There are 2 protein chains.
Amino acid sequence: MSGVRAQQKQKTRQALIEAAFNQLSAEHSFSNLSLREVAREAGIAPTSFYRHFKDMNELGLTMVDEAGLTLRQLMRQARRRIASGGSVIITSVETFMEFIDTSSNQFRLLLRERSGTSKAFRAAVAREIKHFILELAHYLETETPCDKHHAYMQSEAMVTLVFNAGAEALDQDAQQRAELTERLIWQLRYIARGANHYGAQ
Amino acid sequence: MSGVRAQQKQKTRQALIEAAFNQLSAEHSFSNLSLREVAREAGIAPTSFYRHFKDMNELGLTMVDEAGLTLRQLMRQARRRIASGGSVIITSVETFMEFIDTSSNQFRLLLRERSGTSKAFRAAVAREIKHFILELAHYLETETPCDKHHAYMQSEAMVTLVFNAGAEALDQDAQQRAELTERLIWQLRYIARGANHYGAQ
DNA sequence: TATTTTAGCGTACAACTGTACGCTGAAATT
DNA sequence: AATTTCAGCGTACAGTTGTACGCTAAAATA
């Protein structure tokens with residue numbers, strides 16, 4: 001097992017995924033990508049693409065999974081920072097902004113396919129975001145005086161705002177981002193305050 | 001002035017715009033549209049398209065303007081309902097959900113191009129949304145005990161949540177929408193509460 | 001060692017795209 | 001009435017797309 005052959009296959013499969021991510025940008029979305037372009041950048045013949053994916057859709061879903069994984073790893077790291085004494089809101093926001101900065105194409109994929117033309121894509125992204133919401137909701141439920149239902153709604157609102165701020169940040173310079181982040185933090189405070197008021201148990 | 005000729009030109013121009021809107025759907029975004037398909041549906045030859053728009057981009061920007069106009073008109077109507085004694089939050093949310101229901105393709109355009117591949121599109125959509133935020137912020141500033149800066153942040157957060165809920169509603173049935181709307185209303189209450197606390201003057 | 005499996009290639013093709021170019025007939029202008 | 005303007009058309013072309021098909025060489029298996 002894991003012979004030379006399977007190893008090489010895995011390698012070009014990954015090359016395809018990376019080629020696709022590389023071609024994403026502010027001006028290029030996944031649905032604009034062509035199978036041929038991706039294959040070209042990955043250094044294989046167009047027809048060899050099919051040895052790895054049934055079609056571009058399958059590649060895309062794999063990419064969504066990968067982006068979700070990256071995000072989850074980053075947030076796990078954030079939780080560690082929080083556990084060792086950081087502010088929840090500020091640490092989470094900082095971590096998310098880091099994700100947007102260092103993995104902007106992965107974020108762009110999630111952002112765009114969330115409202116894209118493939119139901120499967122939309123569902124996949126929604127699933128990733130839901131993970132997120134549930135994790136945060138769990139935290140809020142155990143660490144703040146907020147009942148389960150309100151914790152969920154609070155979490156949902158917060159994740160929505162953070163995600164959206166991330167989208168805006170993509171087009172902004174450092175100065176604008178700083179202002180955006182500051183507003184975002186206030187807005188998260190509003191929600192925390194309101195939820196703790198209505199949802200106190 | 002307004003001769004037979006100019007009138008006919010205006011008519012086919014509108015036919016192009018409507019053809020393009022008709023071709024938008026859950027599975028078809030603006031960037032998937034082809035000039036030829038749009039021209040075909042509008043009943044003109046592909047090359048005649050250029051008599052009306054420089055390219056598809058110009059058509060798209062016109063469509064964004066039109067969608068923004070529709071939305072603004074709807075919200076003006078909502079303000080009238082509020083003035084005659086309705087709840088601000090509930091009336092606004094209901095009006096927005098109505099927009100999504102009756103003009104789903106116009107909403108889809110705004111939703112997708114907000115994070116699309118054309119900077120001009122993104123800016124155009126951002127402008128429409130900013131209108132919205134400023135209007136609501138003005139209302140909050142005059143009608144609630146909240147200073148200017150906090151009124152703006154509150155408004156921004158609220159519009160973001162409403163817009164995002166609209167996006168989710170697109171894929172949902174009546175039952176799910178009702179639940180979503182209920183959550184949304186709670187979330188808006190959180191924000192109102194929190195903003196009034198931190199921003200009270 | 002002999003056989004089977006398979007990642008990757010090259011060729012080929014039909015479908016579609018945007019758009020350049022020149023024509024036409026009717027409306028508008030003179 | 002003579003002239004100009006111009007919305008819309010048809011033809012044409014080069015470029016790109018996805019993918020069907022059959023081949024090859026090397027790795028895996030027997």
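## Extent of the interface

In this predicted model, the contact (heavy atoms within 4.5 Å) takes 35 residues from chain A and 35 residues from chain B. The area buried between chain A and chain B (accessible area, 1.4 Å probe, that two parts lose on being put together, summed over both) is about 3,300 Å², with 55% of it given by carbon and sulfur atoms. Of the area that chain A buries against chain B, A:T117, A:Y190 and A:Y198 supply 20%, more than any other three residues.

Local features need pLDDT of at least 70, side-chain atom pairs count only at pLDDT 80 or more, and totals for chains, interfaces and linings use all residues. Residues are numbered from 1 along each chain as its sequence is written, and side-chain values use heavy atoms, with hydrogens and water left out.

## Salt bridges

Between chain A and chain B the count is 4 salt bridges (a side-chain nitrogen of Lys or Arg within 4 Å of a carboxyl oxygen of Asp or Glu). One salt bridge joins the side chains of A:R183 and B:E156, at 2.8 Å from N to O.

Helix α8 of chain A (residues 174-199; helices are DSSP runs of H or I, at least four residues, numbered from the N terminus) gives the most to the side of chain A that touches chain B, with 11 residues. α8(A) and α8(B), the latter also spanning residues 174-199, pack at an angle of about 105 degrees with their axes 7 Å apart, where axes are lines fitted to C-alpha atoms over the stretch in contact and angles run from 0 to 180 degrees between N-to-C directions. That makes α8(A) roughly perpendicular (65 to 115 degrees) to α8(B).

Methods: Chains are lettered from A and ligands numbered from 1 in the order in which they are written. Helices (H or I, at least four residues) and strands (E, at least two) are DSSP runs, numbered from the N terminus. Angles under 35 degrees count as roughly parallel, over 145 as roughly antiparallel, 65 to 115 as roughly perpendicular and the rest as oblique.
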